[in-house]
Amino acid sequence: MMLDREYVKFSRSRALLDEALKIIPSGASSVLRTYAPSPIFITRGRGSRVWDADGNEYVDYLLAFGALINGHCHPRIVEAIKRQAEELLMSGTPLELEVELARKIQRVVPNAERVLFATTGTEATMEAIRIARAVTGKSKIVKFEGAYHGHHDYVLWSVESPVHGLEISPFRIPYYPGIPEAVGKTVIIAPWNSPEVLRKITKRHRNSIAAIITEPIMANNGVIMPKQEYLKQLREIADEIEALLIFDEVLTGFRIAPGGAQEYFGVKADLATFAKALGGGVPISALTGSKEILDNVGIGKIGFGGTYNAHPVSLAAASANLDILLENNGQAFAQLHKIGNEITKGLREAIDEAKVKAIVQGLGPLFQVFFTDLPQITNYRERLTTDRDAYMEWHKELLRRGILLFAEDGERIVISTQHNKEDVNKTIEAAEEAFKEVKRRLY
Ligand SMILES: Cc1ncc(COP(=O)(O)O)c(C=O)c1O
């Protein structure tokens with residue numbers, strides 16, 4: 001691939017960022033969006049591609065941090081949004097559409113005897129934790145080191161903490177200033193993928209733990225797979241201490257299998273949260289669980305609410321999104337895995353060819369490249385040892401070659417159903433050159 005230096009310019013994005021910084025702290029209303037080194041302003045998207053304010057075209061692997069499972073502006077989703085917007089924007093009443101979408105989810109998600117809708121993943125995990133506390137009558141939660149479950153104080157602990165402590169008793173560090181220590185006292189931090197350590201930790205607190213919350217695949221530290229049997233062990237440990245197991249499937253849900261990680265790994269959670277790929281580009285989240293647990297939600301019992309919960313436009317779009325994913329026996333998931341596997345295979349060959357110290361790990365449509373000597377990354381502490389500078393360089397070289405991914409290895413690379421063979425070839429060719437550039441400059 002010849003790099004056309006004229007074509008690769010970011011001057012308009014840079015000017016827009018300067019303007020944004022004059023009025024929006026950090027330049028965007030979600031601080032990661034302007035993450036160095038190359039914040040770009042996207043103006044248009046179609047299928048697997050996006051265009052930026054300078055007219056550069058990219059194959060998109062950021063996909064709105066995983067939301068765009070059917071790519072950009074899928075005609076059936078856009079049509080559903082238009083139709084709904086002309087029919088009813090909002091009403092503040094229950095909706096038939098809400099029941100229909102809940103049924104679609106129930107058909108595929110193993111624990112979905114009951115379904116509730118909110119607007120974001122943040123709200124879904126917050127509500128799940130409150131419900132777990134209420135139904136168990138206990139107040140603490142176990143949260144894993146390095147895990148991200150949204151932007152509320154219950155879970156913003158030891159997300160990216162540079163200070164560790166011992167594995168058996170990791171330090172609990174607030175992610176930001178402004179998060180009360182009183183809330184922190186309800187959070188127990190444990191290392192992920194270490195059932196023996198978790199058993200010891202939970203034994204110490206067994207009478208106060210309401211829930212263990214986890215991503216079934218840790219996908220906010222690059223992508224870290226659960227060790228064989230680990231999710232089953234989590235299930236057992238939660239049962240032993242009479243706590244609920246919450247699977248945060250905001251990233252894995254409607255991405256790795258129709259029924260998410262519960263289906264893929266054959267482990268049922270008490271509560272599961274979904275967002276991102278559920279909506280395919282609109283704000284919607286869902287909480288699923290047994291009737292025994294979730295029928296405790298109601299007036300005079302556990303509250304659940306939000307003006308924008310189950311917004312009609314989001315319901316209509318999510319419904320169309322799920323139809324695309326679930327029709328033809330979930331053929332879309334086979335396609336997602338096929339394309340993901342082709343890319344990861346190509347990336348591994350490109351790594352060998354360039355002789356860089358890097359690995360690719362993950363599952364089909366959800367994976368990450370780590371620059372590391374380790375054969376595998378299995379937890380947060382290992383992830384902190386990866387060479388982030390090398391990743392940033394690699395990302396920058398890819399950006400210049402028309403491939404968009406997040407700048408840092410703590411996020412992940414995702415695929416949509418709209419990515420095709422042409423995208424795969426372009427990506428692998430660009431990745432090969434980018435690995436060679438990284439090797440030349442840094443090693
Ligand atoms: C695993 C996980 N849980 C929860 C959230 C929060 O979702 P939202 O950004 O929609 O609030 C995210 C967002 O990245 C996530 O990755």
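At what angle do helix 4 and helix 11 pack, and how far apart are their axes? The views below come from a predicted model, in which local features need pLDDT of at least 70, side-chain atom pairs count only at pLDDT 80 or more, and totals for chains, interfaces and linings use all residues. Residues are numbered from 1 along each chain as its sequence is written.

**View A. Helix 4 against helix 11.** Helix 4 (residues 96-108) and helix 11 (residues 312-354) pack at about 30 degrees, their axes 9 Å apart. Helix 4 is therefore roughly parallel to helix 11 (angles under 35 degrees). Axes are lines fitted to C-alpha atoms over the stretch in contact, with angles from 0 to 180 degrees between N-to-C directions. Helices are DSSP runs (H or I, at least four residues), numbered from the N terminus.

View B. Contact requires C-beta atoms, placed from the backbone, within 7 Å.

**View C. Surroundings of F435.** F435 sits in helix 14 (residues 421-442). F435 counts as buried because it has 26 C-beta neighbours inside 10 Å (the cut-off is 20 or more). Not counting residues up to four places away in sequence, F435 touches A350, I351, A354, V356 and W394.

Definitions and conventions:
Helix = DSSP H or I, 4+ residues; strand = E, 2+ residues; numbered from the N terminus. Parallel < 35°, antiparallel > 145°, perpendicular 65-115°, else oblique. Buried ≥ 20, exposed ≤ 12 C-beta atoms within 10 Å, placed from the backbone. Contact = placed C-beta atoms within 7 Å.
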